[in-house]
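This report examines selected local features of one protein chain. Please consult the sequence and the structure shown below while reading.

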Amino acid sequence: MGMLATLVGTRVPSKYQKYFDLPERKASFKIAETGATVLGQSAKNWLQTHAGRCGLYRLYDGPEALSTRLALIDAAECSIDIQSYLIRDDLSGNLIALRLVAAADRGVRVRLLMDDALTHPIDTGLLSLNDHINIEVRVFNPFPRRRSRFISFIANFNVLNRRMHNKSFTVDNQVTIVGGRNIADEYFETGGKSEFLDEDLLAIGAVVNRVSDGFDEYWNMPEAIPVNVFGSLVRYDTITDVLESGKKFVAGHKENDFLREVAVRVRDHPRLQDLDFCPADADMVMDDPEKVRSLIKQPASKTYDYLLKMAEQARDELIIISPYFVPQKRGVDFFARLVSRGVRVVIVTNSLASTNHASVHAVYARYRKPLLQQGVELYELRPGFDERVGTKTTLHSKVSVVDRARLFVGSFNLDPRSLYINTEMGLAAKSVEMATQMSTSFLESLSESTYRLSLSDSGQLLWRYPDGNGDAVATVEPHAGRWRRIKTWLMSFLPIEGQM
C-alpha cells in the first residue's frame, strides 16, 4: 500500500447537501511507480525500440475491444481506473464486474467513475461493488434518489443536463484505452438486436500518464460523489451475493457464441509488447471538468478547440465520422472554406434508418442540402450491412483524420451537446501509419456500408447505394418506415437544436 498517494479531505458542494447525507470525501490519485509490473515491462520493451514515441493500437472490432479489456484487468497488479458514461447489467457488464472483483481480491485498487445520467438501474450493483475494500465507485453530477428523476431533471435542468461523456480505461498507469465505447453489450457486437459500430485506441507511452492525470482531475472534483451516499436510499446485496449472481448470469450464457469467442481471445491474447502498435506522437485532449458547472453556453471547449485547429490545417483531405452530426451554420461555412481551398471533405454519420436518436437526425437534416451545395461529400450508414438478421446497426464511432497524417479518436460528437454541454475527451496523434490505415479502411467501406447523398438537378436529395441489381436511388429516407419519417419531420420544427 506504500504506492498509494496520500489521501486528503475534500468537501462536497452544497448543491448536493439537500439531496444526500454527505460525509467528507477522500481524494486519491494515480499510482505512478508501476514500471516494474508485467504491463510496465512489456510497454518498456516496445517503447525502448521506438525512440520514446507512444504506441497506438486500433480496437475497431467489438469482441477484440472487450477481450482486450478483460485481459488487461487480468494482468493488473496495482490499479485499474475506469471512466464511463454508461455501464449495463448485461453480459459484458457482468464479465467486466467479475474480473474487477477478482483483481480487487488480488489487492489491485479499482476506481470506477460513472456519469449518473443512466446509472439508476444499476445502483444496487454499484453499491455492492463499492463494498469491496479495494473498490471505490463514484458517480458524477448525481441525480437525487428521493424523488422522480424526471422531476429532478426539470427542476434542476441547468445542472443535471450537463453530463460527463468521457471514456477511458487505464490499467497500472501503463496502458490505456480511450474512444467511444461504453460498457454495454451493444458496444461490443454481441449479436443482439442493436449494435454500435465504434472505435477505441489502446495506447502505451507518456500519453497514459496524461490520461491518468485527467482521470484524477475528474475523480477529485466535488461533483464526483461516492456512490455509498445512496446506501440509505437503496437496498442492495453483499459483494458475495452480487458475485454469485454475476457468475450465474454468465454461466447462463455459456452456449453463447460471442462468449465463447471472447473466452478464446482472452486466453490467447498476445502480450502487450507483441501487439502491432503504430508509433505516434500522441496526447490526451480533455475538457475541463468545470464545464459542468456553467449555467450558460460556453463559446467552445478544449476538445472542440483542438479539433477545429486540427481541421483548419487540412491541405488535402478531412474525414469526419460522427454518429450525431449537427454542424450548425458556422460548421457549414467552415467546411465550405476547406472545400474552396481544394480540401476533400468526407463526413459519415447515421441515416434515419440507423440512428438511435431520431431527434438529432431531425436537426441534422436541415444541413444536408447546404453541405452538399458546398461540395462536401456526405454519407449515411446503412443499417444491418453486416448481414446479421434482425440486428440494427448504429454508427457510434467519433473519429477525425486529417491528410492521412493526424487523427483524433474519442467521445466528441460534432454537435452542440458535445460543444457546449457535456464534457468530452479523446486521444490525438500524429502518425502517418495509423492515420493512413484508418482513412483507407473508412473510404473502402463506404460503397458497401453507406448511402451516398447527392442533389438532383432540381435540388432534390438523393440517396445512392448498391443493391442486388446494381445501384439504387432513393428520393426519401431509405429503409425508414413512413411513421418514423413523419415523426422525425415533426420534430424538426421543435426548438431543440441547442440540446442535440
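## Strand pairing

Two strands pair if DSSP finds at least two bridges between them. In this predicted model, strand S13 (residues 317-321) and strand S14 (residues 344-350) run parallel and are joined by 5 bridges.

Because 5 of the 5 residues of S13 are buried, the strand is largely enclosed by the rest of the structure.

Thr-170 belongs to strand S7, which spans residues 168-171. Is Thr-170 buried or exposed? Thr-170 has a relative accessible area of 3%; since buried means under 20%, Thr-170 is classed as buried.

The side chain of Thr-170 forms a polar contact of 2.8 Å with the side chain of Thr-176. When neighbours within four places in sequence are left aside, the contacts of Thr-170 include Ser-79, Ile-80 and Asp-81, together with Val-175 and Thr-176. Val-208, Val-211 and Ser-212 are also in contact with Thr-170.

## A nonpolar surface patch

Helix H16 covers residues 482-491 and contains Trp-483. The relative accessible area of Trp-483 is 55%; because exposed means over 50%, Trp-483 counts as exposed.

Trp-483 forms a nonpolar patch on the surface with Ile-486, Trp-489, Leu-490 and Phe-493. Together, these residues have about 600 Å² of accessible area.

Terms used:
Residues numbered from 1 in each chain as written. Predicted model: local features only at pLDDT ≥ 70, side-chain atom pairs only at ≥ 80, totals over all residues. Heavy atoms only, no water. Patch = residues over 30% accessible without salt bridge, like charges linked within 9 Å, V, L, I, M, F, W, Y side chains within 5 Å. Areas by Shrake-Rupley, 256 points an atom, 1.4 Å probe, with all protein chains shown as cover. Salt bridge = Lys/Arg side-chain N within 4 Å of Asp/Glu carboxyl O. Helix = DSSP H or I, 4+ residues; strand = E, 2+ residues; numbered from the N terminus. Buried < 20%, exposed > 50% of the residue type's maximum accessible area, 1.4 Å probe, protein only. Polar contact = N/O pair within 3.5 Å; in protein donor to acceptor, adjacent residues only side chain to side chain. Contact = heavy atoms within 4.5 Å.
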